[in-house]
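Here is a short note to read beside the model. The points are numbered so that you can check each one in turn.

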Amino acid sequence: MDAVKPQTQQSQPVALLLIAATAVVGGAVVGASTNAVNGAVSPEYFRNIMRWHDVEQVWRASIAQGIFEGLIYGVIFSVVFTLVVGIVSRASCPFPFAFRHLLAMVVAIYCCWAAGGIVAMGLATLSPEFYRSTFTGVPDSSGPMLRYAWVGGSIWGAMFGGLLSVVVGSILFAVRWHRVQTQNAV
(Lines give C-alpha, C1' and ligand atoms only; values in the text may rest on other atoms or scores of the structure.)
Protein backbone atom coordinates (compact mmCIF):
# COMPACT_ATOMS: atom_id res chain seq x y z
CA MET A 1 0.00 0.00 0.00
CA ASP A 2 2.64 2.53 1.05
CA ALA A 3 5.52 0.77 -0.62
CA VAL A 4 8.11 3.14 -1.98
CA LYS A 5 10.29 1.42 -4.53
CA PRO A 6 14.04 1.70 -3.92
CA GLN A 7 14.55 3.56 -7.20
CA THR A 8 12.55 6.52 -5.77
CA GLN A 9 15.46 7.38 -3.44
CA GLN A 10 16.43 10.26 -5.70
CA SER A 11 15.65 13.78 -4.62
CA GLN A 12 12.08 14.90 -5.36
CA PRO A 13 12.03 18.68 -4.83
CA VAL A 14 8.81 19.05 -6.83
CA ALA A 15 7.11 16.62 -4.45
CA LEU A 16 8.26 18.73 -1.48
CA LEU A 17 6.85 21.86 -3.11
CA LEU A 18 3.55 20.07 -3.74
CA ILE A 19 3.46 18.88 -0.13
CA ALA A 20 4.05 22.42 1.11
CA ALA A 21 1.41 23.92 -1.18
CA THR A 22 -1.12 21.20 -0.38
CA ALA A 23 -0.72 21.78 3.36
CA VAL A 24 -1.33 25.53 2.93
CA VAL A 25 -4.40 24.92 0.77
CA GLY A 26 -5.59 22.31 3.28
CA GLY A 27 -5.45 24.92 6.03
CA ALA A 28 -7.56 27.31 3.98
CA VAL A 29 -10.10 24.58 3.16
CA VAL A 30 -10.41 23.53 6.80
CA GLY A 31 -10.77 27.16 7.90
CA ALA A 32 -13.39 27.96 5.25
CA SER A 33 -15.46 24.82 5.77
CA THR A 34 -15.47 24.89 9.56
CA ASN A 35 -16.33 28.57 9.66
CA ALA A 36 -19.04 28.05 7.04
CA VAL A 37 -20.70 25.70 9.53
CA ASN A 38 -19.87 27.85 12.55
CA GLY A 39 -21.09 31.06 10.91
CA ALA A 40 -24.42 29.39 10.16
CA VAL A 41 -24.71 27.86 13.64
CA SER A 42 -24.07 31.05 15.62
CA PRO A 43 -23.62 34.36 13.82
CA GLU A 44 -23.97 35.87 17.28
CA TYR A 45 -20.63 34.34 18.26
CA PHE A 46 -18.85 36.21 15.47
CA ARG A 47 -20.72 39.44 16.22
CA ASN A 48 -19.65 39.29 19.86
CA ILE A 49 -16.14 37.90 19.60
CA MET A 50 -15.05 39.60 16.37
CA ARG A 51 -17.11 42.73 17.12
CA TRP A 52 -18.81 42.48 13.75
CA HIS A 53 -21.84 44.49 14.79
CA ASP A 54 -21.88 46.48 11.53
CA VAL A 55 -21.29 43.47 9.27
CA GLU A 56 -24.39 42.60 7.24
CA GLN A 57 -23.21 39.22 5.97
CA VAL A 58 -21.73 37.62 9.09
CA TRP A 59 -21.80 34.17 7.48
CA ARG A 60 -19.73 35.30 4.49
CA ALA A 61 -17.38 37.25 6.72
CA SER A 62 -16.90 34.18 8.93
CA ILE A 63 -15.90 32.12 5.89
CA ALA A 64 -13.43 34.79 4.80
CA GLN A 65 -12.03 34.89 8.34
CA GLY A 66 -11.74 31.10 8.28
CA ILE A 67 -9.81 31.20 5.02
CA PHE A 68 -7.48 33.89 6.38
CA GLU A 69 -6.78 32.08 9.66
CA GLY A 70 -6.62 28.72 7.88
CA LEU A 71 -3.95 30.08 5.56
CA ILE A 72 -1.91 31.28 8.53
CA TYR A 73 -2.16 27.93 10.30
CA GLY A 74 -1.66 26.15 6.98
CA VAL A 75 1.64 27.96 6.38
CA ILE A 76 2.89 27.01 9.84
CA PHE A 77 1.64 23.44 9.41
CA SER A 78 3.24 23.33 5.95
CA VAL A 79 6.64 24.49 7.14
CA VAL A 80 6.74 21.92 9.95
CA PHE A 81 5.45 18.95 7.95
CA THR A 82 7.45 19.73 4.81
CA LEU A 83 10.64 20.03 6.87
CA VAL A 84 9.90 16.70 8.55
CA VAL A 85 9.22 15.02 5.20
CA GLY A 86 12.32 16.57 3.63
CA ILE A 87 14.65 15.68 6.50
CA VAL A 88 13.29 12.21 7.27
CA SER A 89 13.14 11.09 3.63
CA ARG A 90 16.19 13.08 2.56
CA ALA A 91 13.88 14.85 0.10
CA SER A 92 13.04 11.57 -1.65
CA CYS A 93 9.44 11.06 -0.52
CA PRO A 94 6.97 10.77 -3.38
CA PHE A 95 3.99 13.09 -3.16
CA PRO A 96 1.30 10.35 -2.81
CA PHE A 97 3.01 8.89 0.28
CA ALA A 98 3.12 12.28 2.06
CA PHE A 99 -0.34 13.26 0.77
CA ARG A 100 -1.94 10.28 2.53
CA HIS A 101 -0.41 11.52 5.78
CA LEU A 102 -1.61 15.07 5.15
CA LEU A 103 -5.10 13.78 4.46
CA ALA A 104 -5.12 11.82 7.73
CA MET A 105 -4.02 14.94 9.59
CA VAL A 106 -6.83 16.99 8.04
CA VAL A 107 -9.37 14.34 9.04
CA ALA A 108 -7.93 14.44 12.58
CA ILE A 109 -8.37 18.23 12.66
CA TYR A 110 -12.03 17.89 11.64
CA CYS A 111 -12.53 15.28 14.38
CA CYS A 112 -10.95 17.59 16.97
CA TRP A 113 -13.10 20.46 15.68
CA ALA A 114 -16.24 18.39 16.27
CA ALA A 115 -15.01 17.07 19.62
CA GLY A 116 -14.23 20.60 20.81
CA GLY A 117 -17.72 21.76 19.91
CA ILE A 118 -19.33 18.81 21.68
CA VAL A 119 -17.21 19.28 24.81
CA ALA A 120 -18.06 23.00 24.97
CA MET A 121 -21.76 22.25 24.55
CA GLY A 122 -21.49 19.68 27.32
CA LEU A 123 -19.82 22.22 29.59
CA ALA A 124 -22.46 24.84 28.80
CA THR A 125 -25.22 22.30 29.49
CA LEU A 126 -23.64 21.04 32.69
CA SER A 127 -22.96 24.47 34.14
CA PRO A 128 -24.55 27.34 32.21
CA GLU A 129 -23.71 29.86 34.95
CA PHE A 130 -20.04 28.94 34.87
CA TYR A 131 -20.01 29.01 31.07
CA ARG A 132 -21.63 32.45 30.91
CA SER A 133 -19.30 33.91 33.54
CA THR A 134 -16.16 32.43 31.98
CA PHE A 135 -16.64 33.27 28.30
CA THR A 136 -17.37 36.60 26.65
CA GLY A 137 -20.76 37.52 25.19
CA VAL A 138 -22.56 34.24 25.89
CA PRO A 139 -26.32 34.54 25.29
CA ASP A 140 -28.70 34.06 28.20
CA SER A 141 -31.16 31.61 26.64
CA SER A 142 -30.29 27.93 26.34
CA GLY A 143 -30.48 27.34 22.55
CA PRO A 144 -28.35 30.32 21.51
CA MET A 145 -25.92 29.57 24.36
CA LEU A 146 -25.41 25.99 23.11
CA ARG A 147 -24.86 27.19 19.54
CA TYR A 148 -22.42 29.80 20.83
CA ALA A 149 -20.63 27.10 22.85
CA TRP A 150 -20.39 24.85 19.79
CA VAL A 151 -18.65 27.58 17.79
CA GLY A 152 -16.19 28.57 20.50
CA GLY A 153 -15.39 24.99 21.42
CA SER A 154 -15.05 23.80 17.86
CA ILE A 155 -12.63 26.62 17.04
CA TRP A 156 -10.47 25.70 20.02
CA GLY A 157 -10.76 22.04 19.07
CA ALA A 158 -9.53 22.75 15.56
CA MET A 159 -6.65 24.90 16.79
CA PHE A 160 -5.41 22.38 19.36
CA GLY A 161 -6.24 19.54 16.98
CA GLY A 162 -4.09 21.15 14.30
CA LEU A 163 -1.16 21.36 16.67
CA LEU A 164 -1.68 17.78 17.83
CA SER A 165 -2.14 16.45 14.31
CA VAL A 166 1.04 18.03 12.96
CA VAL A 167 3.08 16.59 15.84
CA VAL A 168 1.52 13.11 15.79
CA GLY A 169 1.25 13.07 11.99
CA SER A 170 4.91 13.99 11.59
CA ILE A 171 5.96 11.25 14.00
CA LEU A 172 3.77 8.70 12.23
CA PHE A 173 5.16 9.80 8.88
CA ALA A 174 8.73 9.25 10.12
CA VAL A 175 7.89 5.84 11.57
CA ARG A 176 6.09 4.67 8.41
CA TRP A 177 8.81 6.06 6.13
CA HIS A 178 11.52 4.19 8.05
CA ARG A 179 9.42 1.01 8.09
CA VAL A 180 8.88 1.14 4.32
CA GLN A 181 12.54 1.85 3.68
CA THR A 182 13.58 -1.06 5.90
CA GLN A 183 11.17 -3.38 4.09
CA ASN A 184 12.47 -2.23 0.69
CA ALA A 185 16.08 -2.80 1.76
CA VAL A 186 15.36 -6.46 2.55
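1. Start with two neighbours. Tyr-45 and Phe-46 are both buried (buried is under 20% relative accessible area, exposed over 50%, partly exposed in between, with a 1.4 Å probe and protein chains only). This is a predicted model, where local features need pLDDT of at least 70, side-chain atom pairs count only at pLDDT 80 or more, and totals for chains, interfaces and linings use all residues. Residues are numbered from 1 along each chain as its sequence is written, and side-chain values use heavy atoms, with hydrogens and water left out.

2. Next, the aromatic rings. The whole structure holds 12 aromatic pairs (rings of Phe, Tyr and Trp, the last by its six-membered ring, pair if their centres lie within 6.5 Å; planes under 30 degrees apart are stacked, over 60 edge-to-face, the rest tilted). Tyr-45 and Phe-46 are edge-to-face, because their ring centres are 5.4 Å apart and their planes stand at 80 degrees. Ring pairs also join Tyr-45, Phe-46, Trp-52 and Tyr-148 into a cluster.

3. A further pair deserves a look. Phe-97 and Trp-177 are edge-to-face, with 5.4 Å from centre to centre and 75 degrees between the planes. Phe-97 sits in helix 4 and Trp-177 in helix 6, so this pair links distant parts of the chain, 80 residues apart (helices are DSSP runs of H or I with at least four residues, strands are runs of E with at least two, and both are numbered from the N terminus). Phe-97 counts as buried at 1% relative accessibility. Trp-177 counts as buried at 2%.

4. Now follow Tyr-148. Tyr-148 belongs to helix 6. Its relative accessibility is 1%, so Tyr-148 counts as buried. Beyond four places in sequence, Tyr-148 has contacts that include Tyr-45, Asn-48, Ile-49, Tyr-131 and Pro-139 (contact means heavy atoms within 4.5 Å). From Tyr-148 to Leu-16 the C-alpha distance is 40 Å, across 132 residues of sequence.

5. Ser-62 lies in helix 3. At 0% relative accessibility, Ser-62 counts as buried. Leaving aside neighbours within four places in sequence, Ser-62 is in contact with Asn-35, Gly-39, Phe-46 and Trp-52.

6. Which residues touch the most other members of the largest nonpolar core? They are Ile-19, Phe-77, Phe-81, Val-85, Cys-93, Leu-102 and Phe-173, out of 35 residues in that core (a nonpolar core is a set of buried Ala, Val, Leu, Ile, Met, Phe, Trp, Tyr and Cys residues joined through side-chain atoms within 4.5 Å). Helix 1, helix 2, helix 3, helix 4 and helix 6 each give two or more residues to this core. Helix 6 supplies the largest share, 11 residues.

7. Phe-77 shows the packing in detail. Leaving aside neighbours within four places in sequence, Phe-77 is in contact with Ala-23, Leu-102, Met-105, Ile-109, Gly-162, Ser-165 and Val-166.

8. Ser-170 is found in helix 6. Ser-170 counts as buried, at 8% relative accessibility. Not counting residues up to four places away in sequence, Ser-170 touches Val-80, Phe-81, Val-84 and Ser-165. His-178 is also in helix 6. His-178 is partly exposed, because its relative accessible area is 45%. The C-alpha atoms of His-178 and Ser-89 are 8.3 Å apart, although 89 residues separate them along the chain.

9. Finally, the largest pocket. It holds about 740 Å³ of space (on a 1 Å grid over the protein atoms alone, a pocket is an open set of points where a 1.4 Å probe fits, with protein on both sides within 12 Å along at least five of seven lines; lining residues have an atom within 4 Å of a point). Grid points are joined across faces, edges and corners, and the volume is the space filled by probe spheres set on the points. The lining has 37 residues, and Val-30, Glu-69, Gly-70, Tyr-73 and Ala-158 lie nearest the centre of the pocket. Helix 1 gives the largest share of this lining, 11 residues.
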